[in-house]
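Colleague: I would like to learn how to read this model feature by feature. Could we go through the general idea each time, and then the case at hand?

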Amino acid sequence: MSQASKWGTFWLLVIGVVVGILLTAATVGVVQWAGTDKFCTGWCHSMDGVTYAWKQGQHARTPSGYTAGCSDCHLLNETNRPLTPVAYVELLFAKAKAGSISGFGELRGTLNTPQMWLEKRAELSKRVVDTMTGNNFRNCRGCHNLAEMYDAKKPMVAAMHKGFIDKPTNCVMCHKIAGHNYKQADEIIKETGKWPVPAKAWETAEAKK
């Protein structure tokens, strides 16, 4: 191989590495941006009811001030740190699948009105719960370590959860409004025929107390 060929190969490798790094950084950046609560809740009207119910659930506002957002619960492996390369690829496929459901619903017009959303919600909710059950609520366990639960004032809580450390379970069977509390959202839609306003969710919750 001539000297010129060697230098050509070298610069091709350098360019390939740089392009690879830039593409990887761009992919990670886009995935993170598209996984923010602002992105998930602000692009489609069909998410207004979901967003309103999430804000009135138990994860949007917590005693500690920590918020469990959309991706924490709905994006596979999001709460599992650190992520392996295989887990990250799984995350990408899970994100594409989840996004396509809402996207196609908007494009096909099957989720365009509050009434359509109410009709489809049982089916969509079952799909989400089936997915979570299938991976043994991996995302819940990513935040909630059942082996380290402790409350001196409520020792039975840790004792009850201890039995599910290495066993299949259905978290939402008991924690029904952990992610979403649809009660007021449904009432607003039935009374007004319009989407609830997500920005007023906490205000309405406080007024109802």
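Modeller: We can begin with the elements: helices (H or I, at least four residues) and strands (E, at least two) are DSSP runs, numbered from the N terminus. Ile15, for instance, lies in helix α1, which spans residues 3-33. Please keep in mind that this is a predicted model, in which local features need pLDDT of at least 70 and side-chain atom pairs count only at pLDDT 80 or more, while totals for chains, interfaces and linings use all residues. Residues are numbered from 1 along each chain as its sequence is written, and side-chain values use heavy atoms, with hydrogens and water left out.

Colleague: Which residues form the nonpolar patch on the surface?

Modeller: Patches are made of residues with over 30% relative accessible area and no salt bridge, like charges being joined within 9 Å and nonpolar side chains (Val, Leu, Ile, Met, Phe, Trp, Tyr) within 5 Å; accessible areas come from the Shrake-Rupley method with a 1.4 Å probe, and for residues only the protein chains shown count as cover. Here the nonpolar patch consists of Trp7, Phe10, Trp11, Ile15, Val19 and Leu23, with about 640 Å² of accessible area together.

Colleague: How many salt bridges does a search of the whole structure find?

Modeller: A salt bridge is a side-chain nitrogen of Lys or Arg within 4 Å of a carboxyl oxygen of Asp or Glu, and the search of the whole structure finds six. In one of them, the side chains of Arg138 and Glu90 meet at 3.7 Å, N to O. This pair links distant parts of the chain, since Arg138 is in helix α7 (residues 138-143) and Glu90 in helix α5, 48 residues apart.

Colleague: Are Asp186 and Arg121 buried or exposed?

Modeller: Buried means under 20% relative accessible area, exposed over 50%, and partly exposed in between, with a 1.4 Å probe and protein chains only. Asp186 is buried because its relative accessible area is 15%, and Arg121 is likewise buried at 15%. Asp186 forms a salt bridge with Arg121, the closest N and O atoms being 2.7 Å apart. The pair links distant parts of the chain, with Asp186 in helix α10 (residues 183-192) and Arg121 in helix α6, 65 residues apart. Elsewhere, salt bridges that share partners join Lys120, Glu123 and Arg127 into one network.

Colleague: Where is Thr79 found, and with what is Thr79 in contact beyond its neighbours within four places in sequence?

Modeller: Thr79 is found in the loop between α4 (70-74) and α5 (85-108), and Thr79 counts as buried because its relative accessibility is 10%. Contact means heavy atoms within 4.5 Å; leaving aside neighbours within four places in sequence, Thr79 is in contact with Asp72, Arg138, Asn139, Gly142 and Cys143.

Colleague: How many disulfides does the count come to?

Modeller: A disulfide is a covalent bond between the sulfur atoms of two cysteines. The rule applied here asks for a pair of cysteine sulfur atoms within 2.5 Å, and by this rule the count comes to zero. Cys70 is in no disulfide, the nearest cysteine sulfur, that of Cys40, being 4.4 Å away. The sulfur of Cys171 is 4.1 Å from the closest cysteine sulfur, in Cys140, and therefore too far for a bond.
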